[in-house]
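Open the model in your viewer and keep the sequence panel beside it. The stops below say what to select and what is there.

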Amino acid sequence: MQPGLDTEKFRQWGKRMVDIVADYWASLPSRDPESAVRPGYMRSLLPAEAPEEPESWEKIIADIEPVIMSGSTHWHHPRFFAYFPTGISYPSVIADILSGGIGCMGFTWTSNPSCTELEMIMMDWLAKLLKLPEYFLFTHPGPGGGMIQSAASECTLFTLLAAKKTALDSHMAQDGSCQLSRDKLVAYCSDQVSRKNFVNDVIIITVHVSKKNEFSFQGS
């Protein structure tokens with residue numbers, strides 16, 4: 001069995017991968033934004049069983065174009081206008097190398113202080129850029145502060161959960177009961193959303209929007 005990567009091999013293949021990514025981005029204008037493969041295309045390109053012996057890095061690198069690139073939708077292609085921007089850039093790829101190399105789990109301050117504090121500072125930067133009230137900042141003595149999520153759907157889900165808790169806390173403060181009729185927990189969303197987050201006991205009502213009103217919610 002071949003040994004795993006040592007430090008020098010990691011340097012070698014890491015630099016090679018940087019070249020591959022740079023060449024890929026340079027080739028984007030000559031590629032089609034969307035692949036032409038059909039569902040199941042990869043079955044014939046990979047073994048039916050997990051390999052018992054490791055493959056060489058040369059073989060793995062050689063598989064990138066026929067196996068991966070042939071079935072990739074190129075989200076940062078100059079002619080790709082679907083969904084939303086990817087937010088990928090050379091600096092972010094370099095940052096991913098550092099983040100992956102450190103391999104931290106920043107779920108508490110103790111688990112990784114630098115990860116936690118960098119997130120807090122960046123969230124304060126964002127709040128200030130958006131000109132949000134000071135109580136949204138970690139530097140404010142109140143319960144403010146934000147957190148980075150991995151996707152827009154997660155952001156929506158956390159927002160709904162926070163709104164649900166706020167409504168329940170308010171109701172409990174008024175009559176001392178944590179029970180609130182389900183028809184009182186209502187969230188509204190545009191009919192343009194790609195999918196609706198489901199939160200237990202929250203009714204989701206879809207509201208029609210139109211280009212005429214710039215897809216904004218309008219009162220009746």
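**Whole chain**

From the N terminus, the elements follow the order α-α-α-α-α-β-β, that is, five helices and two strands. Helices (H or I, at least four residues) and strands (E, at least two) are DSSP runs, numbered from the N terminus. This is a predicted model, in which local features need pLDDT of at least 70, side-chain atom pairs count only at pLDDT 80 or more, and totals for chains, interfaces and linings use all residues. Residues are numbered from 1 along each chain as its sequence is written, and side-chain values use heavy atoms, with hydrogens and water left out.

Colour by pLDDT, the predictor's confidence in each residue, from 0 to 100. The chain averages 87, and 91% of the residues score at least 70. Among the elements, H1 has the highest mean pLDDT (95) and helix H5 (residues 152-175) the lowest (82). Where pLDDT is low, the predicted coordinates should not be read in detail.

Zoom out. The C-alpha atoms fill a box of roughly 70 × 45 × 40 Å along the principal axes. The radius of gyration of the chain is 24 Å, whereas a compact globule of 220 residues would have one near 17 Å. That radius is taken over C-alpha atoms, and the globule rule is 2.2 Å times the number of residues to the power 0.38. Of the 220 residues, 16% count as buried; buried means under 20% relative accessible area, exposed over 50%, and partly exposed in between (1.4 Å probe, protein chains only).

**Domains**

Select 7-100 for domain 1, 108-143 for domain 2 and 152-213 for domain 3. These bounds come from an automatic or database domain assignment. The C-alpha centres of domain 1 and domain 2 are 34 Å apart.

**The nonpolar core**

Next select Trp 13, Ile 20, Tyr 24, Trp 25, Leu 28, Ile 61, Ile 64 and Met 69, the eight residues of the largest nonpolar core. Helix H1 (7-27) and helix H2 (57-68) are the elements that give two or more residues to this core, and H1 gives the most, with four. Such a core is a set of buried Ala, Val, Leu, Ile, Met, Phe, Trp, Tyr and Cys residues joined through side-chain atoms within 4.5 Å. Centre on Ile 64: not counting residues up to four places away in sequence, Ile 64 touches Met 17, Ile 20 and Met 69. Contact means heavy atoms within 4.5 Å.

Thr 73 sits in the loop between H2 and helix H3 (90-102) and is partly exposed, at 35% relative accessibility. Which residues does Thr 73 contact, leaving aside neighbours within four places in sequence? They are Pro 33 and Phe 80. Ser 35 is 38 residues from Thr 73 in sequence, but 5.7 Å away C-alpha to C-alpha.

The structure holds seven aromatic pairs. In one of them, Trp 75 and Tyr 83 are stacked, 5.0 Å centre to centre with 5 degrees between the planes. Rings of Phe, Tyr and Trp (its six-membered ring) pair if their centres lie within 6.5 Å; planes under 30 degrees apart count as stacked, over 60 as edge-to-face and the rest as tilted. Trp 75 is partly exposed at 28%, and Tyr 83 is exposed at 67%.

**Strand E1**

Finish at Val 186, in strand E1 (residues 186-190). Val 186 is partly exposed, at 32% relative accessibility. Beyond four places in sequence, Val 186 touches Ile 203 and Ile 205.
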